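Hi there,

Here is the structure I promised to pass on to you. Please open it and keep it beside this message as you read.

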Amino acid sequence: MNLTLRNSRIKLPLGQVFWREVGQGPTLLFLHGSWSDSSQWLPLIEYLHQDYHCFALDLLGFGDSQTPKLHYSIQVEVECLFHFIEALHLPQVYLVGDSLGAWIAASYALRHPEQVQGLVLLAPEGIRDDGDWKTWQWRRWLVGRPPLAYTILRSLLPLARLFGRHKDIERALKQRQQLLQSPTACQLLFRRRRVEIQNELLQEHLPELDIPTLILQGRQDSLEVIDHAQAYANHSPNTKLQMIDQAGNDLAETVPGIVAQHIDYFVKYQ
């Protein structure tokens, strides 16, 4: 990788944020996923920086951005993004978001459509059905405070090993460890009341999302994630869904060249 990045920080009303910046041309502002930070986008920016001015932001509470003591929500992240764009006097931007970042990007476009030229959403979050809430309840229990799930699972593990039933418990403990690697994501996604999260979901607002939008979705991803991408495409009036064969999640890292081609074509010919 041969990128000469400018790493910067700025103090905003909600806290200090960190971003990586490179290139010239139309502005692409990248918003990372739940369990990552702005470094997620580096393989993709390698393909795009010669033709685009690329900004990869660590969301508030993630990566090298500050983690202030706040009640984190999608709207908090949207507000912080607004202050960031205003502080840097950015012209109209293309927002490129992955999973959680896509949820924030779409929410931002609904609130500030005059500032967004287009959206590129990779495996977008922000939609729930009954099955999703069952998964949410399980993950909420895994990362809950006090750590009741951890105590119960660890106490059951020796007995489960005796009967050869330990693999499920070990998988659950590993999942818990992976989730807790991003405390802010856990707080935002699982440690809030269900009704509060429901109020920020987008399915009822997608018909209002009239900004040119490209959704990129790996065909080998989970059915749940593919269904979310399809829902965005079905209910947003100016949206195209592009399925990428032989790809699952982490599109920006696993197939950055293909993703870059789609973004370049979208910006030039939308």
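Below is what turned up, beginning with the surface and moving on to the salt bridges.

First, some background. This is a predicted model, where local features need pLDDT of at least 70 and side-chain atom pairs count only at pLDDT 80 or more, while totals for chains, interfaces and linings use all residues. Residues are numbered from 1 along each chain as its sequence is written, and side-chain values use heavy atoms, with hydrogens and water left out.

**The nonpolar patch**

Have a look at Trp138, Trp141, Leu148, Ile152 and Leu156: on the surface they form a nonpolar patch with about 430 Å² of accessible area together. The elements giving two or more residues to this patch are α4 (130-142) and α5 (148-162), and α5 gives the most, with three residues. A patch is built from residues with over 30% relative accessible area and no salt bridge; nonpolar side chains (Val, Leu, Ile, Met, Phe, Trp, Tyr) are joined within 5 Å, and like charges within 9 Å. Accessible areas come from the Shrake-Rupley method with a 1.4 Å probe, and for residues only the protein chains shown count as cover. Helices (H or I, at least four residues) and strands (E, at least two) are DSSP runs, numbered from the N terminus.

Ile152 lies in helix α5. Its relative accessible area is 32%, so Ile152 is partly exposed. That term covers the range between buried (under 20% relative accessible area) and exposed (over 50%), with a 1.4 Å probe and protein chains only.

**The salt bridges**

How many salt bridges does a search of the whole structure find? There are eight, each being a side-chain nitrogen of Lys or Arg within 4 Å of a carboxyl oxygen of Asp or Glu.

One of them joins Glu170 to Arg161, with the closest N and O atoms 3.3 Å apart. Glu170 is partly exposed, at 31% relative accessible area, and Arg161 is partly exposed too, at 46%.

Another links Asp264 and Lys268, at 3.3 Å from N to O. Both residues lie in helix α11 (residues 256-269), four residues apart, which is about one turn of the helix. Asp264 is partly exposed, with a value of 22%, and Lys268 is partly exposed as well, with 49%.

Are Glu196 and Arg192 buried or exposed? Both are buried, and their side chains meet in a salt bridge of 3.1 Å, N to O. Together with Glu200, they are linked in a network of salt bridges.

Happy exploring!
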